[in-house]
Each structure stands twice: as structure tokens, then as C-alpha cells.
Amino acid sequence: MPRLQKKNNVLVIGAGGFVGSALTRALLAKKYNVSTLSPTPLPTALPVSRMWFGDVRDTTLLHKALHNIHTVYYLAAFKKNIAVHTKS
């Protein structure tokens, strides 16, 4: 298979989420060369070019993941416990 042009190289940060996984599938269907960055493995096996695992705040990892990438889709979110207050 010939190497795709750089403009087809995309990185989806947050590909493990609902929107990120849908976007990843759509990009793959359009023949984009998709890489992903997520803190955990993707919920389903997708034929992506490269899977990066780790924290998006890790600048060394981020620099490696961005190598030869033309477009980035940033869909990451940070989870935190939120207390819900209700009126008594």
C-alpha cells in the first residue's frame, strides 16, 4: 500500500470517547491515515495507523504523537468528581 500524503495524516486526541470513536470511524471510512492518543485502549478494535496511550499533558508523548501529523482533533476531557447539591 502506498504511503498516504501528509495532509491525510490526522491525530484524534480523545478517540476512546463517544464522539472521538465516532469521528475515528468516519475518518477511517474516508481513507484518512488516523493515529489516536488516549489514556486507555480504544473500546473497539479500529484499524488505525498508530495508537498512543498516555496523558495528553505529557509533552514528550504529545511531541511524538504529532510527528508527521497534518490535522489534530482534540476531543479529550478530564474527569473529575463533581458533587451534586440538591435542595432539601
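Is Ser-21 buried or exposed? Ser-21 is buried, at a relative accessible area of 9%, where buried means under 20%, exposed over 50% and partly exposed in between, using a 1.4 Å probe and protein chains only. This is a predicted model, so local features need pLDDT of at least 70 and side-chain atom pairs count only at pLDDT 80 or more, while totals for chains, interfaces and linings use all residues. Residues are numbered from 1 along each chain as its sequence is written, and side-chain values use heavy atoms, with hydrogens and water left out.

**The fold at a glance**

- The chain has 2 helices and 4 strands, and these are DSSP runs numbered from the N terminus (helices are H or I with at least four residues, strands are E with at least two).
- Of the 88 residues in the chain, 30% are buried.
- Take the contacts (heavy atoms within 4.5 Å) between residues at least 6 apart in sequence: 48% of them join residues at least 24 apart.

- Ser-21 sits in helix H1, which covers residues 18–29.
- The C-alpha of Ser-21 is 7.9 Å from that of Leu-42, though the two are 21 residues apart along the chain.
- Thr-24 is also in helix H1, and it counts as buried because its relative accessibility is 0%.
- Setting aside neighbours within four places in sequence, Thr-24 is in contact with Val-12, Ala-15, Val-34, Thr-36, Leu-46 and Val-48.

**Nonpolar cores**

- The largest nonpolar core has 9 residues: Val-10, Val-12, Ala-15, Leu-27, Leu-28, Val-34, Leu-42, Leu-46 and Val-48.
- Strand S1 (9–13) and H1 are the elements that give two or more residues to this core.
- A second, separate core has 8 residues, among them Leu-11, Leu-37, Trp-52 and Ala-65.
- For the record, a nonpolar core here is a set of buried Ala, Val, Leu, Ile, Met, Phe, Trp, Tyr and Cys residues joined through side-chain atoms within 4.5 Å.
- Leu-42, a member of the largest core, is in contact with Ala-15, Gly-16, Thr-36, Met-51 and Phe-53, again leaving out neighbours within four places in sequence.

**The largest pocket**

- The largest pocket holds about 430 Å³ of space; the volume is the space filled by probe spheres set on grid points, which are joined across faces, edges and corners.
- A pocket is an open set of points on a 1 Å grid over the protein atoms alone, where a 1.4 Å probe fits, with protein on both sides within 12 Å along at least five of seven lines; lining residues have an atom within 4 Å of a point.
- The lining runs to 20 residues, and Gly-14, Ser-38, Pro-39, Ala-76 and Ala-77 lie nearest the pocket's centre.
- H1 and strand S2 (33–38) are the elements that give two or more residues to that lining, and H1 has the largest share, with 3 residues.
- By type, the lining divides into 10 nonpolar, 7 polar and 3 charged residues; Ala, Val, Leu, Ile, Met, Phe, Trp, Tyr, Cys and Pro count as nonpolar, Asp, Glu, Lys and Arg as charged, and the others, Gly among them, as polar.

- Gly-14 belongs to the loop between S1 and H1 and is buried, since its relative accessibility is 13%.
- Gly-14 and Pro-39 are 25 residues apart along the chain, with 8.1 Å between their C-alpha atoms.
- Beyond four places in sequence, Gly-14 is in contact with Gly-20, Leu-37, Leu-75 and Ala-76.
- Val-56 lies in the loop between strand S3 (50–53) and H2, and it is buried at 14% relative accessibility.
- Pro-39 turns up again here: its C-alpha is 7.9 Å from that of Val-56, 17 residues away in sequence.
- Not counting residues up to four places away, Val-56 touches Ile-13, Leu-37, Leu-62, Tyr-74 and Phe-78.

**Positive phi outside glycine**

- Lys-31, not a glycine, has a positive phi of about 70 degrees.
- Lys-31 is in the loop between H1 and S2 and is exposed, at 64% relative accessibility.
- Asn-68 has a positive phi too, near 65 degrees.
- Asn-68 falls in the loop between helix H2 (59–66) and strand S4 (71–74) and counts as partly exposed, at 28%.
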